[in-house]
Amino acid sequence: MKKTILKKYAQLAVKSGVNLKKGQGCVIFSEVEQHEFAEMVAEEAYRAGAKWVSMNWQDQAVSKLQYRHETLTQLSRVEEWEKARQQYLVDTLPALVHISSADPDGLKGVNVDKMQKAGAVRGKVLKAYREAMDNKNQWTIIAVPSKKWAKKVFPNERTSTAVEKLWEAILMTVRVSEDNDPKEAWDRHNEELKAKCEKLNSCQLEYLHYESSNGTDFKCWLIPEAEWHGGGDTLQDGTFYNPNMPTEEVFTSPMKGKCEGTLVSTMPLSYQGNLIDKFSVTFENGKVVSCQAEQGQELLEKMIGMDEGACMLGELALVPDDSPISNSGILFYNTLFDENAACHVALGRGFNETIRGYENMSNEEIKELGVNDSIIHVDFMVGSKELNVTGYTKDGQKVEIFRNGNWAL
């Protein structure tokens, strides 16, 4: 891929993604394989006025070795230097750029029980730092092809060709081309998503009913104080940024513990370097009571049992089948993309910012209104051309929202 267009992408991540402020710090999270693009992002951050840039390098192969050779006790530890680093982020509130490129099967073969138990212990410790930064600093997730990820998406292509094709697909989804202004394209896109949110919010829906020929039959109640959001987000100080690039969703946090029925997945889920595929989840009284998966059953069960909130929903997201990622016909095996090809839900943590007036509330007050809390937030896709979503108001009025996988509102 030409360096000129990659530089354009890096600039988009800094200016429209995190909208980095002059004098602000910046942390870039990247697999070591992507060091060249990460360096481009660092340069653009400095050009935008970053006071400092810190690189947080990751490597799946090393992670796999750690899970294989370290004890559960060691894997579960959060060292004092890690806590100090997290506290520094809380104190300085830098912009965070996450570059996703991991192999969807990169941790295949790792002891699932060991990985989940360690993750649960560490997650509980690190949760306080995450909450202290919530809605106070900008972050964005973008993607760059790795060789193994590209071969997973395009298995019949030579590695070099697969990487190039994945680059082309990624750049298409984030509205970057050689002859356009990506920032202008994103401004228009955000306005379109905002209009959908306003329509949904005006309906004042009490609950949604999902139905599909694949077996999905599911009802979920909404929080009266919650709103639908989409596209970019705004910090309490007024800074606008785009957390996910790409994004095609309009989403909200549903009422904790108030849903019934079965959701059937329509795409594989890549979770912690492993695939969960062809699965369904059944809810009673707002909690998962059973799940079945042709692939990744143990991992799915462990995920749902991570903590008290992991078996409840934290997000409902509406994405039309007629959207750029879906129309590409590509299965990315990466949630950042696949969740933007289909309607999806998320098990675990909800979003405080969906509550009207959240900035004047404590975390406890927000949770009391019905926003779910958990150390996980895992999206899985339930949308298809057959999905119908109907909303109902308190007085029983029926509002058709999705018909045959697309907007009817």
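## Terms and model

Buried means under 20% relative accessible area, exposed means over 50%, and partly exposed lies in between, computed with a 1.4 Å probe on protein chains only. The model is predicted, so local features need pLDDT of at least 70 and side-chain atom pairs count only at pLDDT 80 or more, whereas totals for chains, interfaces and linings use all residues. Residues are numbered from 1 along each chain as its sequence is written, and side-chain values use heavy atoms, with hydrogens and water left out.

## Salt bridges within helices

A salt bridge is a side-chain nitrogen of Lys or Arg within 4 Å of a carboxyl oxygen of Asp or Glu. By this rule the model has 18 salt bridges. Helices (H or I, at least four residues) and strands (E, at least two) are DSSP runs, numbered from the N terminus.

Glu 184 is partly exposed at 45% relative accessible area, and Arg 188 is partly exposed at 49%.

Helix H2 (residues 35-47) holds both Arg 47 and Glu 43, again 4 residues apart, about one turn of the helix. Their side chains meet in a salt bridge at 3.0 Å, N to O. Arg 47 is exposed, with a relative accessible area of 56%, while Glu 43 counts as partly exposed at 40%.

## A salt bridge between helices

The side chains of Asp 113 and Lys 302 meet in a salt bridge of 2.7 Å, N to O. This pair links distant parts of the chain: Asp 113 lies in helix H6 (residues 112-133) and Lys 302 in helix H10 (residues 297-304), 189 residues apart. Asp 113 has a relative accessible area of 23% and is partly exposed; Lys 302 is also partly exposed, at 29%. Salt bridges that share partners join Asp 113, Lys 117 and Lys 302 into one network.

## The parallel sheet

Four strands form an open sheet in the order E2-E1-E3-E4, and the pairing is parallel. Two strands pair if DSSP finds at least two bridges between them. Strand E2 (52-58) and strand E4 (139-143) stand at the edges with a single partner strand each, so one side of each has no neighbour in the sheet. From one strand to the next, the twist averages 15 degrees; axes here are lines fitted to C-alpha atoms, for helices over the stretch in contact, and angles run from 0 to 180 degrees between N-to-C directions.

Strand E1 (residues 25-31) pairs with E2 in the parallel sense over 7 bridges. The bridge partner of Val 27 in E2 is Ser 54.

## The second largest pocket

A pocket, found on a 1 Å grid over the protein atoms alone with a 1.4 Å probe, is an open set of points with protein on both sides within 12 Å along at least five of seven lines; lining residues have an atom within 4 Å of a point. The second largest pocket has a volume of about 490 Å³. Of its 23 lining residues, the closest to the centre are His 229, Gly 232, Asp 233, Thr 234 and Phe 240. Grid points are joined across faces, edges and corners, and the volume is the space filled by probe spheres set on the points.

Helix H9 (182-203), strand E7 (229-230) and strand E8 (233-234) each supply at least two residues of this lining. The largest share, 7 residues, comes from H9. The lining divides into 6 nonpolar, 8 polar and 9 charged residues. Here Ala, Val, Leu, Ile, Met, Phe, Trp, Tyr, Cys and Pro count as nonpolar, Asp, Glu, Lys and Arg as charged, and the others, Gly among them, as polar.
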